Amino acid sequence: MSEAAPGRELFVRHAKRDGRSVAVMRAIDYGDQCVVETEVFAPGSATAARPGPYTFADARQATAFVTEAVEALMYLGCDIHAE
């Protein structure tokens, strides 16, 4: 990833359960690769853990990763919002 070239945000997905933030996933395209940054909120915690970032060869692969994560979060009872 080139430090000189800023990335272009592709999308953000925000997962909530019972009105509380559970996770935020943000896909950023740097041209030569795509990165998914994440924030995960543990129950009762005001601060987020930041696992990753997860790097992919292109936006298609990053989108597939986020899609699978969103499906799992929905299965667990989360509401998903696009930002």
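User: In the hairpin of β3 and β4, which residue takes a positive phi?

Analyst: The model is predicted, so local features need pLDDT of at least 70, side-chain atom pairs count only at pLDDT 80 or more, and totals for chains, interfaces and linings use all residues. Residues are numbered from 1 along each chain as its sequence is written, and side-chain values use heavy atoms, with hydrogens and water left out. Strands are DSSP runs of E of at least two residues, and helices are runs of H or I of at least four, numbered from the N terminus. The hairpin has six residues between its strands, and the positive phi, near 80°, belongs to Gly44.

User: Over how many bridges do β2 and β3 pair?

Analyst: Strands pair if DSSP finds at least two bridges between them. Val24 stands opposite Glu39 in β3. The sense of the β2 and β3 pairing is antiparallel, and the number of bridges is seven.

User: Why is β3 largely enclosed by the rest of the structure?

Analyst: Buried denotes under 20% relative accessible area, exposed over 50%, and partly exposed in between (1.4 Å probe, protein chains only). β3 is largely enclosed because its buried residues number six of the eight.
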